Amino acid sequence: MRSTIIFIMVAVIGSVVCGEVVINEVIYDPEGPDTGWEWVEFYNNSENFIQLEGWQLQKAGSEFQTVFIFPNYRIAPHSFLLLGEANIDEADLTNSLALQNGGSCTDGVRLLSASGDYTDTILYDSPNSNQLPSDINEIGQQFCPDVNSGNSIARIEDGVDTDIFADDFFECEEPTPGAENVYPIDLCIELNELILYNEQQVELIYNVENLSTKPVDNSEAEVDILCNSLPLTNIILPEIEAGETYIFSFHTDNLARGYYHFLAQLIYLQDSNLENNLAAGSIVIDSSPIIINEIMFDPPEDEPEWIELFVRNDCEYNVDNLLITDAAGGDIEFMANIE
């Protein structure tokens, strides 16, 4: 096979920022004793100084109740404020918090403006047995997970609030009180399009997205592409900025008749999520080498249904990407090789 690689860079649309001051990170279950070690970090995502005098921090178990009223304090634009208990040396303000630890039902933390017309709420753990409200004062329907002791609930991007907990927060194993949150590196790859030209040329277009809040070093990330389990090419990725998508295409021609299964494997040693590092696609040129040879669709009672496939040539095929679909829309996925 002869192949040519074409690279194109594009950027994704930036994140949505709502609100003014938001709860940015929370430790509600410190490792060891809780008393003295809990803290809540706030972030001002606006362009202005904001006076917090009279604002309230509330916590919820069965209902929200006030645990702290802010004194005369101005938080600067795009800066952090740390409210902590007595043992938190980095704290800008100190107060007892005694936050709920989750574990059996939904608990929460809420920031309430002095006028009462602005809130930022985090609900964590489930079920919401006590029907705690969200920011819009409706019963909360989505929740952050109940994190392990010593871990924090942290925003993926500092100050970014879409009001969708799953998109905004993650469980942080290395909390950063009063400082920038660091989301673990996560690159993902997907097959955007597979195109057949002139019955013997194939173009595959892939997207590689950096889901992290940090850029990816261009010397350490690569993509291996295999065809029918055989190595085809290796692509070294450029630096990908946080939140951006890199698009590249791979082209191969002079393909003989038969079945071709393409697998792209994204390799990055610092990647924290390997579940989105594979992208597969397949195509048949000319008639399929794999056919349905026999079917048992109405077996005797207590006997299984089955489908027999037959390979019409001398090749072995990886069929992980093949499906058999019935008229009702049900799919059967193959997880083994056919010989």
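A disulfide is a pair of cysteine sulfur atoms within 2.5 Å. With that in hand, let us work through some exercises on this predicted model, in which local features need pLDDT of at least 70 and side-chain atom pairs count only at pLDDT 80 or more, while totals for chains, interfaces and linings use all residues. Residues are numbered from 1 along each chain as its sequence is written, and side-chain values use heavy atoms, with hydrogens and water left out.

**Exercise 1: cysteines**

Task: find how many disulfides a search of the whole structure gives, and decide whether Cys144 is buried or exposed.

Solution. Step one: the search of the whole structure returns zero disulfides. Step two: recall the cut-offs, where buried means under 20% relative accessible area, exposed over 50%, and partly exposed in between (1.4 Å probe, protein chains only). Step three: Cys144 has a relative accessible area of 2%, so it is buried. Cys188 counts as buried too, because its relative accessibility is 14%.

**Exercise 2: salt bridges around Arg155**

Task: work out how many salt bridges the whole structure holds, and which residues are linked in a network by them.

Solution. Step one: take the criterion, a side-chain nitrogen of Lys or Arg within 4 Å of a carboxyl oxygen of Asp or Glu. Step two: a search of the whole structure with it finds three salt bridges.

Step three: go through the partners of Arg155. Its salt bridge with Asp120 has the closest N and O atoms 3.2 Å apart. This pair links distant parts of the chain, with Arg155 in strand β12 (residues 152–155) and Asp120 in strand β11 (residues 119–124), 35 residues apart. Strands (E, at least two residues) and helices (H or I, at least four) are DSSP runs, numbered from the N terminus. Arg155 also forms a salt bridge with Asp161, where the closest N and O atoms are 3.6 Å apart. A further salt bridge joins the side chains of Arg155 and Asp168 at 3.8 Å, N to O. Here too distant parts of the chain are linked, since Asp168 lies in helix α1 (residues 165–168), 13 residues from Arg155.

Step five: check the surroundings. Arg155 counts as buried because its relative accessibility is 1%, and Asp120 is buried with a relative accessible area of 1%. Asp161 is buried at 6%, and Asp168 is buried at 2%.

**Exercise 3: surface patches**

Task: say which residues form the negative surface patch, and which form a nonpolar one.

Solution. Step one: set the rules. Patches are made of residues with over 30% relative accessible area and no salt bridge; like charges are joined within 9 Å, and nonpolar side chains (Val, Leu, Ile, Met, Phe, Trp, Tyr) within 5 Å. Lys and Arg count as positive and Asp and Glu as negative, with His and the chain ends not counted. The place of a charge is NZ of Lys, CZ of Arg, CG of Asp or CD of Glu. Accessible areas come from the Shrake-Rupley method with a 1.4 Å probe, and for residues only the protein chains shown count as cover.

Step two: Asp217, Glu220, Glu239 and Glu241 form a negative surface patch. Glu241 sits in the loop between β17 (230–236) and β18 (245–253), and it is partly exposed because its relative accessibility is 35%.

Step three: the nonpolar patch consists of Ile292, Ile295, Phe297, Ile307 and Ile332, which together have about 490 Å² of accessible area. Phe297 is placed in the loop between β21 (290–296) and β22 (306–311); at 64% relative accessibility, it counts as exposed.

**Exercise 4: backbone geometry**

Task: say which residues are joined by a cis peptide bond, and where His78 lies.

Solution. Step one: start from the background that most residues other than glycine have a negative phi, and most peptide bonds are trans. Step two: Ser126 and Pro127 are joined by a cis peptide bond, with omega about 5°. Pro127 is in the loop between β11 and β12.

Step three: His78, not a glycine, has a positive phi of about 50°. His78 lies in the loop between β7 (74–75) and β8 (80–84), and at 41% relative accessibility it counts as partly exposed. Ala98 likewise has a positive phi, near 50°, and is found in the loop between β9 (93–94) and β10 (107–112).
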